[in-house]
Amino acid sequence: MAVGEARVPLLHDDRHAHHAKGDPPRSRQLSGSALVITSLVAGASAGAIAKTVIAPLDRAKINFQTSDIPYSWRAAVRFLTHSAQTEGWTALWRGNSATMARIVPYAAIQFTAHEQWKKLLGVDTPQTAQEAPLRLLVAGSLAGVTSQSATYPLDLARARMAVADYRSLRAMFKRVIKDEGFITLYRGYPATVMGVIPYAGVSFFTYDSLRHWYIDYTGADRSYPCPTVPATLAAVYRAEGWRGFFKGLSMNWIKGPIAVGISFASYDTIKSTLRDIALSLN
């Protein structure tokens, strides 16, 4: 999910879209390399934070995906509880190093590529994004394909290391290539990309649209998807009661919103902070 100056440099920082005429957005006062670097660092940090928070849920999901044990919410809770009691709480983060090895470059490329694709497709400002929503959706999808293509083998590593003991990430790759062949590293790639296209497209589209709406409505500098969560929870409770929260329950529905909310909020905050620091150093 993604470089150059075109990607971020030409990008309007939406937070400054309401600056007075003649007062250019601060992002335009930074060099192209500074914009790209801050975006990469912010993306990598956001991904790492989000994935670390939901690592236990990921571990539970992978455990059921790689075993014959039927999945249920209760079974997942029992698995996490048993792991913590028998192996210690740190066991819930087993394989997280492999996750970090994947998510750091993945998130960095994804967020950076997203800004670049928005620039290339001409939807890098609130106005152009609202005028061409389909292109905004495509920008998110292309960002997802870009990052997924660049880091796909690391996803295999994350899954393997979460359920098996390997000395290191390098050892895992060596064994897989030796025993199963290099092509194994990209097994399932087409199906994964087909899933990433709508997921990344809708995720980025929703976030950008909500942020633009929030800025236009409140005039505030920044916005996050988190404020929509309480309203959503209230709506579900009014319509269906507590059972509504568990309808069609799966681990992805639990960890997905948490990870996405943390990731986008962290990215915006870190990117803004880094660019403010870069400006002060200039």
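In which handedness of crossing does α2 pass α5? Here are some notes to read beside the model.

1. First, some ground rules. This is a predicted model, in which local features need pLDDT of at least 70 and side-chain atom pairs count only at pLDDT 80 or more, while totals for chains, interfaces and linings use all residues. Residues are numbered from 1 along each chain as its sequence is written, and side-chain values use heavy atoms, leaving out hydrogens and water.

2. Now to the opening question: α2 passes α5 in a right-handed crossing (the near helix is turned clockwise from the far one by less than a right angle). Helices here are DSSP runs of H or I with at least four residues, numbered from the N terminus. Helix α2 covers residues 32–53 and helix α5 residues 96–120; they pack at about 140 degrees, with axes 7 Å apart. Axes are lines fitted to C-alpha atoms over the stretch in contact, and angles run from 0 to 180 degrees between N-to-C directions. That makes α2 oblique to α5 (angles under 35 degrees count as roughly parallel, over 145 as roughly antiparallel, 65 to 115 as roughly perpendicular, and the rest as oblique).

3. Who touches whom? Contact means heavy atoms within 4.5 Å. From α2, the contact residues include Val-36, Leu-40 and Gly-43, and from α5 they include Ile-103, Ala-107 and Phe-111. The residues of this contact divide into 12 nonpolar, 7 polar and 2 charged. Here Ala, Val, Leu, Ile, Met, Phe, Trp, Tyr, Cys and Pro count as nonpolar, Asp, Glu, Lys and Arg as charged, and the others, Gly among them, as polar.

4. Next, the salt bridges (a side-chain nitrogen of Lys or Arg within 4 Å of a carboxyl oxygen of Asp or Glu). The count comes to 8. One of them joins Glu-87 and Arg-94, at 2.2 Å from N to O. Glu-87 is partly exposed at 37% relative accessible area, and Arg-94 is also partly exposed, at 34% (buried means under 20%, exposed over 50%, partly exposed in between, with a 1.4 Å probe and protein chains only).

5. Have a look at helix α9 (residues 189–218) too. Its Asp-208 pairs with Lys-118 of α5, 90 residues apart, at 3.3 Å from N to O. Both partners are buried: Lys-118 at 4% and Asp-208 at 1%.

6. Arg-211 bridges to Asp-268, with the closest N and O atoms 3.0 Å apart. This pair links α9 to helix α11 (residues 251–281). Arg-211 is buried at 6%, as is Asp-268 at 3%. Together, Lys-118, Asp-208, Arg-211 and Asp-268 are linked in a network of salt bridges.

Notes. Helix = DSSP H or I, 4+ residues; strand = E, 2+ residues; numbered from the N terminus.
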